[in-house]
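Biologist: I am new to this structure. Please show me the model, and let us take it question by question.

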Amino acid sequence: MIPKFLCDKKLDVKLCIFLLGLAPFISCQSKAERDKQLFAKDPAAISDFQRINVDLNTVRQITPENFERLKILHSRYPNALEIEQSYRAALIIREDWGGLEKLLIENSSSERTRADSVLLAKVYIKLGKFSESFGIIQSIDSAASTDVEIRSLAAMAHFGLGELDAAAVDLDSVWDTIIGQKRIDDINLRGLIYFGKKDYGKAVETLTKTLDLDPLNTVAYNTLSRVYHASGDAEMAEKYRKETERAHEQLAIDENRKMTFVSLANKLKTAWNERRYEEVVRLSQEMIPIADKPNKEAVYKYLAEAQSALGNKAAADAANAEAQKIKGQ
């Protein structure tokens, strides 16, 4: 059975940076250069792409309508690297692992980059194709033996295949880095391995490390409940079962707040583009209490610009001051 956190683990959606101006020296580069030039001459496509990327790069969301537009752009310019990277990011956000697998396989060749190999290995993990994932991992250069990301993927593949000892070796070989980088999913996986090996004391010790770093981690709470149940401690098992429920409820509240923020952010951008500055002020003031730190700074900047456009200098200065205060924290 695949642990839930392996299914929940997010892939990195940062867009890669490419040097698109290099002179082509193999066929795929020639196609990329051709599509880049054609795309540059298509103002409607550029406008669509820029609008879609605003959501991808800021709120990490994409509407079904924008996703369909992005698919059309990708089919029209399949070798334009910036479009492909946005398309990949959109597939990750939508958790369309089958679609991402297909894209990576279609683009595969003997020249597949290391980054693409790592991404494909992650996708195979998401799809439960553990043997395929491990095959990709083995193809990566030998220096990866001390690479924490590669060892983490190898551990997940081994764990999925039921090879607990091999998974433990993978994680233990980079354990100091895992702890130093606070890699919670890896810590949880090590706890699950201890649990699977019936080393309940070590499982409790390891999973408690997760809760020190992430007090709302439902995987750790749930696994601790199972560990205590297996060890015969019904009282502690019930305690952590209740903690699991509490964490789920709080995370649901947090998720609702994020969804509300995204909805308001879309309205804010529309109001800003249409120069409805009074509405921008109202929406900004509604968003500030539910915004996280990076977004709160951005909202204050919108508020400052809107107040300035309305001629409210004092209010604009106050909003700018709040944005600077957040930036300096």
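Biologist: What covers the buried residues of H16?

Modeller: This is a predicted model: local features need pLDDT of at least 70, side-chain atom pairs count only at pLDDT 80 or more, and totals for chains, interfaces and linings use all residues. Residues are numbered from 1 along each chain as its sequence is written, and side-chain values use heavy atoms, with hydrogens and water left out. Helices (H or I, at least four residues) and strands (E, at least two) are DSSP runs, numbered from the N terminus. The cover over the buried residues of H16 includes H15 and helix H17 (293-309).

Biologist: Which residues of helix H16 (residues 277-287) are buried?

Modeller: Buried means under 20% relative accessible area, exposed over 50%, and partly exposed in between (1.4 Å probe, protein chains only). In H16 the buried residues are Tyr 277, Val 280, Val 281, Leu 283, Ser 284 and Met 287.

Biologist: How many salt bridges does the structure hold?

Modeller: A salt bridge is a side-chain nitrogen of Lys or Arg within 4 Å of a carboxyl oxygen of Asp or Glu. One network of them links Glu 274, Arg 276, Glu 279, Arg 282 and Glu 286. The structure's total is 21.

Biologist: How far apart are the closest N and O atoms of Asp 170 and Arg 151?

Modeller: Asp 170 and Arg 151 are both buried. They form a salt bridge, and their closest N and O atoms are 3.3 Å apart. The pair links distant parts of the chain, 19 residues apart: Asp 170 sits in helix H10 (residues 164-172) and Arg 151 in helix H9 (residues 148-160). The distance asked for is 3.3 Å.

Biologist: Why are Glu 245 and Arg 241 separated by about one helical turn?

Modeller: Their salt bridge brings the closest N and O atoms to 2.6 Å. Glu 245 is partly exposed at 41% relative accessibility, and Arg 241 is partly exposed at 33%. An α-helix has 3.6 residues a turn, so residues three or four places apart point the same way. The separation is about one turn because the two lie in helix H15 (residues 234-273), apart by four residues.

Biologist: Which residue does Lys 202 meet in a salt bridge?

Modeller: Lys 202 is partly exposed, at 35% relative accessibility. The N to O distance is 4.0 Å, and the partner is Glu 205.

Biologist: Is Glu 101 buried or exposed?

Modeller: Glu 101 lies in helix H6 (residues 97-106). Contact means heavy atoms within 4.5 Å. Leaving aside neighbours within four places in sequence, Glu 101 is in contact with Val 123, Tyr 124, Leu 127 and Lys 129. Its relative accessible area is 15%, so Glu 101 is buried.

Biologist: What is the phi of Lys 198?

Modeller: Most residues other than glycine have a negative phi. Lys 198 lies in the loop between H12 and H13, and is exposed with a relative accessible area of 61%. Although not a glycine, Lys 198 has a positive phi of about 65 degrees.

Biologist: Which element has the lowest mean pLDDT?

Modeller: pLDDT is the predictor's confidence in each residue, from 0 to 100. The chain's mean is 86, and 86% of its residues reach 70 or more. Residues 9-28 stay under 50. Helix H12 (residues 184-196) has the highest mean, 98, and the lowest, 49, belongs to helix H1 (residues 4-8).
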